[in-house]
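Trainee: I have this one open and would like to go through it with you. Can we start with what the terms mean and then look at the parts?

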Amino acid sequence: MEKTIAIAIDGPAGAGKSSLARTVANRLDYIYVDTGALYRTIGLAFMRNGIGTDINCDIDEQLSKINIDIKFIDGVQHVFLNGEDVSEEIRTPNASMMASAVSALPAVRAFLLDMQREFAEKYNVIMDGRDIGTVVLPDAQVKIFLTASDEERANRRFKELKEKGSNVTYEEVLADMRERDYNDSHRAIAPLKPASDSAIADTTGLTIEESIELLMKIIKEKV
């Protein structure tokens, strides 16, 4: 059987991983896997059960109640929690903070690891997240660490939330982003950091098309 190709894209919140990875996957005719959505879904499930970011609960018991499914509808990844499409609900700021909290839990990471690797075994994939190149797919043929300045990432996320009708302020988004950056990079399990063989892609000041071309250039050099 022909070996599949895996492209791992890691980076901090608001770096544009999802939108860029999705576009590049479409151009290459690869499957796009948004792993952050999986952690957000678990975070949402915990929130619905009254659990806060301190995660004071029986984690294994909570995970036993969770069934996550991914479906690609018209080429777009949709995430289902116990049969319900929660693709929009997991994009709220609260779900984002809960995703950061649950992603620090070894039991949660183990719960999702096999699911992520199975996709890479079956398909040519572009997978984005926080530890794809370092932990989930350490043998990926292409590893990219995508980043941008704090202010630019916060401004992108702020515009996105305002378009969805959120009343959040830019200052709140920036503070939340910096808090999440700190949590993600200082957690004991699989902290956010570039893999030793990652190509660093800094998109500060770049347009979306320029960012896409930067990623395509890196991938073409590796594959």
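This is a predicted model: local features need pLDDT of at least 70, side-chain atom pairs count only at pLDDT 80 or more; totals for chains, interfaces and linings use all residues.

Trainee: OK. What is Leu215 in contact with, leaving aside its neighbours within four places in sequence?

Mentor: Leu215 is in contact with Ile9, Leu20, Val24, Ile144, Leu146 and Ala201, once neighbours within four places in sequence are set aside.

Trainee: Which helix is Leu215 in, and is it buried or exposed?

Mentor: Leu215 sits in helix 9, residues 208-222. Its relative accessibility is 0%, so Leu215 counts as buried.

Trainee: Let's switch to the core. Which residues touch the most other members of the largest nonpolar core?

Mentor: Ile42 and Phe46 do, in a core of 37 residues. The elements giving two or more residues to this core include strand 1 (6-10), helix 2 (35-48), strand 3 (68-73), helix 4 and helix 5 (106-122). Helix 2 gives the largest share, seven residues.

Trainee: What does Phe46 touch, not counting residues up to four places away in sequence?

Mentor: On that count, Phe46 touches Ile51, Ile55, Cys57, Ile59, Gln62, Leu63, Ile66, Met98 and Val102. There is also a second, separate core of 20 residues, and among its members are Ala15, Leu20, Tyr30 and Ile218.

Trainee: Helix 4 next. How many of its residues are buried?

Mentor: Eight of its 10 residues are buried, so helix 4 is mostly covered; buried here means under 20% relative accessible area. The buried residues in helix 4 are Ala95, Ser96, Met97, Met98, Ala99, Ser100, Ala101 and Val102.

Trainee: What covers them?

Mentor: The cover over the buried residues of helix 4 includes helix 2, helix 5 and helix 8.

Trainee: Take helix 2 then. At roughly what angle do the axes of helix 2 and helix 4 cross?

Mentor: They cross at roughly 100°, and the axes come within 8 Å. That makes helix 2 roughly perpendicular to helix 4.

Trainee: Which residues meet there?

Mentor: From helix 2 there are Tyr39, Arg40, Ile42, Gly43, Phe46 and Met47, and from helix 4 there are Asn94, Ala95, Ser96, Met98, Ala99 and Val102. By class, this contact has eight nonpolar, three polar and one charged residues.

Trainee: And helix 8? How do the axes of helix 4 and helix 8 run?

Mentor: The axes of helix 4 (residues 93-102) and helix 8 (residues 170-186) come within 10 Å and cross at roughly 15°. The two helices are therefore roughly parallel to each other. Helix 4 passes helix 8 in a left-handed crossing. On the helix 4 side the contact is made by Ser96, Met97, Ala99 and Ser100, and on the helix 8 side by Asp176, Glu179, Arg180, Asn183 and Asp184.

Trainee: What is the make-up of that contact by class?

Mentor: The contact of helix 4 with helix 8 has two nonpolar, three polar and four charged residues.

Trainee: Back to helix 2. At what angle does it pack with helix 5?

Mentor: Helix 2 and helix 5 pack at about 140°, with their axes 11 Å apart. They are therefore oblique to each other, and helix 2 passes helix 5 in a right-handed crossing. The contact is made by Thr35, Leu38, Tyr39 and Ile42 of helix 2 with Val108, Arg109, Phe111, Leu112, Met115 and Gln116 of helix 5. By class that gives seven nonpolar, two polar and one charged residues.

Trainee: Loops now. Where is Asp131, and is it buried or exposed?

Mentor: Asp131 is in the loop between strand 6 and helix 6. At 3% relative accessibility, Asp131 counts as buried. Not counting residues up to four places away in sequence, Asp131 touches Asp10, Arg109, Val136 and Ala190.

Trainee: And Asp29, what is its phi near?

Mentor: Phi of Asp29 is near 60°, a positive value in a residue other than glycine. Asp29 lies in the loop between helix 1 (17-28) and strand 2 (31-34), and with 69% relative accessibility Asp29 counts as exposed.

Trainee: What about the phi of Asn82?

Mentor: Asn82 has a positive phi of about 50° and is not a glycine either. Asn82 is placed in the loop between strand 4 (76-81) and strand 5 (84-85). Its relative accessible area is 48%, so Asn82 is partly exposed.

Definitions and conventions:
Residues are numbered from 1 along each chain as its sequence is written. Side-chain values use heavy atoms; hydrogens and water are left out. Axes are lines fitted to C-alpha atoms, for helices over the stretch in contact, and angles run from 0 to 180 degrees between N-to-C directions. Helices (H or I, at least four residues) and strands (E, at least two) are DSSP runs, numbered from the N terminus. Angles under 35 degrees count as roughly parallel, over 145 as roughly antiparallel, 65 to 115 as roughly perpendicular and the rest as oblique. A crossing is left-handed if the near helix is turned anticlockwise from the far one by less than a right angle, and right-handed if clockwise. Contact means heavy atoms within 4.5 Å. Ala, Val, Leu, Ile, Met, Phe, Trp, Tyr, Cys and Pro count as nonpolar, Asp, Glu, Lys and Arg as charged, and the others, Gly among them, as polar. Buried means under 20% relative accessible area, exposed over 50%, partly exposed in between (1.4 Å probe, protein chains only). A nonpolar core is a set of buried Ala, Val, Leu, Ile, Met, Phe, Trp, Tyr and Cys residues joined through side-chain atoms within 4.5 Å.
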